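Have the viewer open and follow along.

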Amino acid sequence: MTKAGSRRAALAAGVALAVLAGAAHAQEAPRESIELGEVIVTAQKRAQDINDVPAALTAVSGEKLDAIRSSGGDIRVFSARVPSLTLESSFGRTFPRPYIRGLGNTDFDLNASQPVSFVYDEVVLENPVLKGFPLFDIDQVEVLKGPQGTLFGRNTPAGVLKFDSAKPTQALEGYGRASYATYDTINLEGALSGPIVPGVLAGRLSALYQHRGDWVDNTLTPKKHDAEGYDQVAVRGQLLWTPTEELAALLNLHYQHLDGTPRLFRANIIRQGTNDFVPGFQRDEISQDAQGRAYQKIESSGASLKLTYDLGGPEITSITAYERVDAYSRGDIDGGYGAVFAPPSGPGLIPFPSESADGIPFHRQFSQELRIAGDTGQLAYTVGAFYFNESVKIDSFDYNTLGGGSLQGYAYQNQKSESWALFANLDYDLTERLNVGGGVRYSDDKKDFLAQRTLSPFGAPPTAILTANPDSSEVSFNLNATYAATDDVNLYARVARGYRAPSIQGRLVFGDTLSVADKETVMSYESGVKGRLPQMRARFDAAVFYYRANDLQITAVGGGANFNRLLNADKATGYGFEFNAEAEPVDRLVLTAGLSYNNTEIDDPNLFTQPCGAPCTVLDPAGPAAGAVSIDGNSLPNAPKWIANVTAGYAWPLASGEVFVFTDWAYRSKVSFFLYESAEFNDDRLLEGGLRLGYRADGGRWEAAVFGRNITNDRSLEGGIDFNNLTGFVNDPRTWGVEVKANF
């Protein structure tokens, strides 16, 4: 049987299992009118109503979470679907680069530090490739905005993305989901949960398989269906042991494997002097001479053990975790073929060929958190300690495209990171309506880094072994107050200080020096309102904020030197507002909306960088050194002023079930891709919509639907490569598909 035949057989089997499971486990009645009850979150490491948390926070779950993950979506599907949040990647389905309120990092190195932390099942994922672990069997996603250093530690000055998977249950339950969509896109997902020893031991097994066929043609070869395909498998097993009422132990084992192609860089797709696509650009075509050697493979696994013990009020929690990842990605960086000195070449101007690869042959992460928390009714508190240790080796390769892809450059980096922290947080009810709180965390961080180039593509001699050993300590804190204006409306104010540890960049294939960025701190001021409108069956929250970053870590990517450099901007500021709402104005019609405005600005008159080496139109004033420009006053990269999103879902009773329709839309305004401003390397807007139409059986025991993603086929730039030509990469095209799901 062919691979395609095997995949279709697997899909058919998944569909059959899902339908059989639904038929075998009937429920009681069709869904009634939805009540907008409490949304429970754990943003402060304890269960709370979202309206009682004195911070800007968005929770995504249920139908919206299912819809945006349709058609093989990875973690970037949340971009612009939460106020003040964008995500992009020049790596592909892994290594997402997140931005909250404009704060992020454009660095593409495999040890890049980011100011947005990913916390998956209460375990921080530090390496950027680990952050691409696929989403499946997810209970809820929480986006915490603003500094979160008190409870989540260093590298959270912008915020936290928090993912909580569904946990083992004492009742037998599960689900199966199968879909097939454009480009031979297959999604198979399922979970089985229930008792192993009733009342004592429960387990949950979850699995995911995702496939997309290559759908981009290489007109140079010419080879049909040459790129953008992938196969990804992930599995998670959990055991929950509760031998007594006081003690609980949760073991989590997880694994993922990805085979595919890296992000496609497309040469000269931007028309010079504008950010428009060149005439004749086709998203499903490339002309590349190194694409046949492009390849990406990611494998990661991990384990965590969470122990909780109830002392009869206070509860002790221990979380011990281990993560590892291996990665390799090779791609055509210039995005075309040949070179001006080795014709034929194109599309457009190709000054020189560029084909490179990066890999992680070794990575290990260990973390340990120990905390005690309690709630007396008037006072809630959390006190704890944290330890983190990571070792990673990174290989960087450069290849001679014109010589058939032979190796011509190599460098390596070794980095060891160690961190420990002590923290405390409390909330106290001064009156029945006024609560005050605060927290403090002391962090100590140290890195040992060495790098060397042993082979130069330009014939330069090997470098010496270069080292850097930055260390730092910092105090993060937050102060907040919450006032219950009515039984349904809370007002809050929050002041917080966040911290990012020093970062190191050592890509020596094209350079001879390391760059080190000093620690970064962010002071944030925020106030808001959260509430319910019972008469309108609605809930809402809104916040205004201002922050000031000192020694902001930024990355000068590419440029004419084709070399990443870490910089510290003296200051950067940001201000804006955010709004979320959910309502059921009439029975069976559920609406949500989100809106944010962010204004960011670099404030450093002495900061200069080298702009594009491509023939682009630079808009910034020249600096004192030849070839450099001032970036003072520029907005931060990938920081749109406006983000808006809406969803709408409606259901009509039919027979013993219901017909449903659900649509979601996300908009972001203009973004610039680099620190400097140019006419070409930016995108004016992105607007993507999704649609689901289907039938849900009584009690939700099974459903079948047709769906579409990016249904208007929006075509937008998502990033650029600026050192060679006017190269860009773009968003995914429209897809249509069918899906069946069964619950039991």
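## The largest cavity

What volume does the largest cavity have? It comes to about 830 Å³. Before going further, a word on ground rules: this is a predicted model, so local features need pLDDT of at least 70 and side-chain atom pairs count only at pLDDT 80 or more, while totals for chains, interfaces and linings use all residues. Residues are numbered from 1 along each chain as its sequence is written, and side-chain values use heavy atoms, with hydrogens and water left out.

A cavity here is a set of points, on a 1 Å grid over the protein atoms alone, where a 1.4 Å probe fits but cannot get out; lining residues have an atom within 4 Å of a point. Points are joined across faces, edges and corners, and a volume is the space filled by probe spheres set on them. Rolling a probe the size of a water molecule over the atoms shows where empty space is left. The whole-structure search turns up 18 cavities of 30 Å³ or more.

Around the largest cavity sit 42 lining residues, and D74, R76, E718, N731 and D732 are the ones nearest its centre. Sorted by class, that lining has 13 nonpolar, 16 polar and 13 charged residues (Ala, Val, Leu, Ile, Met, Phe, Trp, Tyr, Cys and Pro count as nonpolar, Asp, Glu, Lys and Arg as charged, and the others, Gly among them, as polar). At least two lining residues come from each of β4 (85-88), β16 (247-260), β38 (657-668) and β41 (686-696), and β4 has the largest share with three. Strands are DSSP runs of E, at least two residues long, numbered from the N terminus.

## The second largest cavity

Next up is a cavity of about 660 Å³. Its lining counts 39 residues, with S90, F108, F265, I333 and I721 nearest the centre. By class they divide into 17 nonpolar, 13 polar and nine charged.

Which strand gives the most to this lining? That's β43, with four residues. β43 (717-721) is also one of the strands that each supply at least two residues here, alongside β19 (315-332), β22 (355-375) and β23 (379-400).

## An open pocket

A pocket, unlike a cavity, is an open set of points with protein on both sides within 12 Å along at least five of seven lines. The second largest pocket has a volume of about 1,000 Å³. Of its 43 lining residues, T42, K45, E122, K306 and R371 are the closest to its centre.

β22 turns up again: it has the largest share of this pocket's lining, eight residues.

## Rings and charges

Phe, Tyr and Trp rings (for Trp, the six-membered one) pair if their centres lie within 6.5 Å; planes under 30 degrees apart are stacked, over 60 edge-to-face, the rest tilted. The count comes to 24 aromatic pairs. One of them is F352 with F723, stacked at 5.9 Å centre to centre and 25 degrees between the planes. F352 is in the loop between β21 (342-346) and β22, and F723 in the loop between β43 and β44 (727-730), so the pair ties together parts 371 residues apart in sequence. F352 is partly exposed at 31% relative accessibility, whereas F723 is buried at 8% (buried means under 20% relative accessible area, exposed over 50%, partly exposed in between, with a 1.4 Å probe and protein chains only).

F458 and F510 are tilted, because their ring centres are 5.9 Å apart and their planes at 55 degrees. F458 is exposed at 64%, and F510 is partly exposed at 30%. Ring pairs also link F118, Y120, F133, F136 and F163 into a cluster.

A charge sits over a ring if NZ of Lys or CZ of Arg is within 6 Å of the ring centre and within 35 degrees of the ring normal. R330 does this over Y399, 3.5 Å from the ring centre, and R715 lies over the face of F277 at 4.7 Å.

## The disulfide

Searching the whole structure finds one disulfide (a pair of cysteine sulfur atoms within 2.5 Å). It joins C612 to C616, with 1.5 Å from S to S. The link is left-handed, at -55 degrees about the S-S bond. C612 is buried at 12% relative accessible area, and C616 is buried too, at 14%.
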